[in-house]
Amino acid sequence: MGLSSNPSHALLALPDEILLQIIHHLDLQDIIALRKTCRRLRDPTQDRSVWLHILRHQGHHLPLPYHITDPSAWTHIPSEQLETIIRRLFTIDRTWLSPRTHYFVPGHRQSCALDPIFDNDDGARSIYSLEIFLERWLLCIYHEKLVEIWDLDSVLHDPNKPLLCTSQNIKGNGSFSSAITHLDEATNLLTVAVSCHELCEVLQVQLRPSSTLLPVDDSEDLDDIHFRCIADVPIPSPILCLRAVDPSRSLLLLSLPSSFHLLNWATGQRTTVHMLHEEEEELWNGVVVATFLTSRHILVLKAHSIELCTLIDSDRPSHTHPPPSNPDPDALSSSPTHPSSSSTTISSRPQQTHMCAVVHSHYHPSATFRGASFARPVVHRPSPHLGAASREHEPTKVSTSFLAFDVLRGLFHYSVEVILPPSISPPDSPVSDAYTHPAPPPPIDVHIQLLSTHNMALPVPLPPATFADAAPPLHPTPTSAPALAEHAGAGTGAGTGTFPRSGFGHGTRGFVSACALGPAGRRGVWVERRRGAVRRVVYGFDAVGRIGVGDEDADESLREEVEGSDAEEIETEPMGVDVMNGGLSGRAGAIEGKEVYEVNSYDLRDDITHIAFAEATGLIAVGTRKGEIRVLGRAGVY
C-alpha cells in the first residue's frame, strides 16, 4: 500500500539491483543530476559497475587513449579515477570543437590570448613534420636536421611553459631528405628515422602515457626521456625517400615511383621490391605516403591512385639473379622488437636481394593527392571460441582509414578493409622462378570506400560539342556534372558559359594545406585558406561512417577481451561509396567541420603548413611556414 500511494517512496524502496538496472539506461548528465537528489539515490550512482558501463559505452563512440582501450586495464583503475576519466572524456567531447582562446608557444614562457596576426619575427627553422604522440609528446622535425620532443603535459602544472625534453642533431653531410615515425603503442616506444643525402639515422625514445585523463606515476624523472641512436644506415641513392618503418623487423621502406626498397638496419640487407604491374607515367603518379598493414601488405597512397602491395617473394641473397619465390610470410622477420641501445653502423656493402609484389590499384585520375594521415590498422582475427579446425578456414581482416587532401579539390575520408585468405602455401612447397615467374599469391579481397568528402573546387565538364571531333568531358563526376554544367552555362545560355582554363569550378574559393586524422580514425582536423584573402582557418570534425564496432559486436568483443583474448570481431557498416574500381561515383557523406582557430596575416610566412592532433584530448598544434609552432589550448582543459 505504501509503495503505490507515493511514487517517490516506491522508487526509493526499490532494491539496489533494480536501481542499478535503471541507472545503466541513463546518460552521464542524468546520473550526475540523480546523485544530487538524496543519499538513497546517490549511493547506487557510486557503484563501480555504473562507471564501467559508461566507459564501455564511451569506448564505442569516443577515441580513448591507447593505454585504457583494453577493458582488462580498467580493473586496476580506482573507482574515483574511473569517474574522473569519464567526466573528462565527456567534457572533451562537448568542447573540443569550440573555438580556441589560448595558445602555448614552445620555447616561450608566456601564454597569450590568440592575436589576429602571428608574430612576424624571422624564423631560423623550417618545419618538416609535426606530430603528437600519446596525447602528450609533441615531435618536431626540422629541415635543419634537428629533432625535438616537447612535453605538453607540463602545461597542466605550469601553463606558461611546455617543457623541451630532448633534442637530437641528425648526422650526415648532405642536405635533409625525408623522415618517418612509428609508435609502438603497446610499449610506448617511438622510432624516428631521418635521412640526409645518403645516410639514414634511426632514433628511438621511450615515452610515457599522458596524465590528462588518467594520472600516471610522476616519480620517474623526465631526464630519462632522451633519444638513442640505434642505427646509421647508408642509403643506396639520395633520391630514395623514407615512406614507412617497421621497428619489430628493423625495416625501413623507401620508394621510387616504380619500386620499393626494404632496408634492414640490423643486418644491412637491402631488398628491391619489383611491382608486377605495368603503369604508364610512373613519375606522374608518385608516392605520397605508405604504411605497413601487415608484414606482407603495404598500403600506398599515390598522387592519383590508392594501391595495396602484397609481397610474394622471399628475401634470399642474390648477387646476379633475383631469388626463387617462397611464400613464407615470416621471411622478412629477422630482428627483435627492441634493438639494443647501442648504435649499429653499417659500413660494408649491404647484401642485395630481390622480391616481387602484386599490386591492387584504384585509380582516381581527377584527383591529385598531396598529403594524407592514416589511422592505426586493426587486425580482426577469427574468434577464439571457434574450434581449431574452423579457425583455419576463417579469413583474417585488416582495416584502417585515412584522410587525404587534394590542394584544390578538398578532403577525402576513406576506409580500407583487406580480407586475407585463411592459409597460404607452406614454406616447403615447390619453388618456381621468382623473378620471371613468381609464385601466385593467395587471392585477397580489398574494399576501399569513400566515406565522406569536403568538396572545394570540382572538375567542370566541357561544354556540349559543336562539331564531331569535339573533346570529351574532363573527368566529370555523375553527381556534380549537372550542377556544374548549369553553373558553367549560367548567364550566357545553356552550354555556352566560359570554360575555366584550370578545368575546375570556383568551389569554395579556397585550398587545403594540411590535415591530420587521429589514430582511432574518429576525429580529424584540417587547415584551409581562402583564395584572395589573408584568412587561415583550422577546422575540426567528428568522423562519420568510420570502421568501428557495433553495439552487439562490441559487447561480444569486450567480453572476449576481459576473458584474456586478443582477438576481436568487428563488422564494417556498409556506408560510403565503394571505389573498388577506382571511381568516385555515388554520393558520399559530407565532412561537417567546425572552425576552431583562425588567423589573419598578409605575410605568406604565416601560412599554416603543418598540423598535429591529439585525438583523445582534442589538443591541436600548428606550424607555420617560417617555423613557428603554437599549441592551441582550451579553458578548463589546458
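How many aromatic pairs does the structure hold? In this predicted model, the structure holds nine aromatic pairs. Two of them are set out below.

| Pair | Distance between ring centres | Angle between planes | Geometry |
|---|---|---|---|
| Tyr-128 and Phe-176 | 4.7 Å | 65° | edge-to-face |
| Phe-369 and Phe-412 | 5.8 Å | 90° | edge-to-face |

Phe-369 counts as buried at 2% relative accessibility, and Phe-412 counts as buried at 2%. One aromatic cluster is formed by Phe-369, Phe-374, Phe-402, Phe-412 and Tyr-414.

Charged side chains also meet aromatic rings. Arg-125 lies over the face of Tyr-142, 5.1 Å from the ring centre, and the charged end of Arg-249 sits over the ring of Phe-292, 5.2 Å from its centre.

The largest nonpolar core has 43 residues, and Trp-51, Val-538, Ile-611 and Ile-620 have the most contacts inside it. Helix 7 (residues 79-95) supplies the largest share of this core, five residues. Among the residues that Ile-620 touches are Arg-100, Val-525, Val-596 and Ile-611.

Trp-51 is one of the buried residues of helix 6, which also include Val-50, Ile-54 and Leu-55. The 14 residues of helix 6 (residues 48-61) should span 20 Å at 1.5 Å a residue, and the 21 Å between its end C-alpha atoms agrees with this.

How values were computed: Residues are numbered from 1 along each chain as its sequence is written. This is a predicted model: local features need pLDDT of at least 70, side-chain atom pairs count only at pLDDT 80 or more; totals for chains, interfaces and linings use all residues. Side-chain values use heavy atoms; hydrogens and water are left out. A nonpolar core is a set of buried Ala, Val, Leu, Ile, Met, Phe, Trp, Tyr and Cys residues joined through side-chain atoms within 4.5 Å. Buried means under 20% relative accessible area, exposed over 50%, partly exposed in between (1.4 Å probe, protein chains only). Helices (H or I, at least four residues) and strands (E, at least two) are DSSP runs, numbered from the N terminus. Contact means heavy atoms within 4.5 Å. The expected span of a helix is 1.5 Å times one less than its number of residues. Rings of Phe, Tyr and Trp (its six-membered ring) pair if their centres lie within 6.5 Å; planes under 30 degrees apart count as stacked, over 60 as edge-to-face and the rest as tilted. A charge sits over a ring if NZ of Lys or CZ of Arg is within 6 Å of the ring centre and within 35 degrees of the ring normal. Lists of a residue's contacts leave out its neighbours within four places in sequence.
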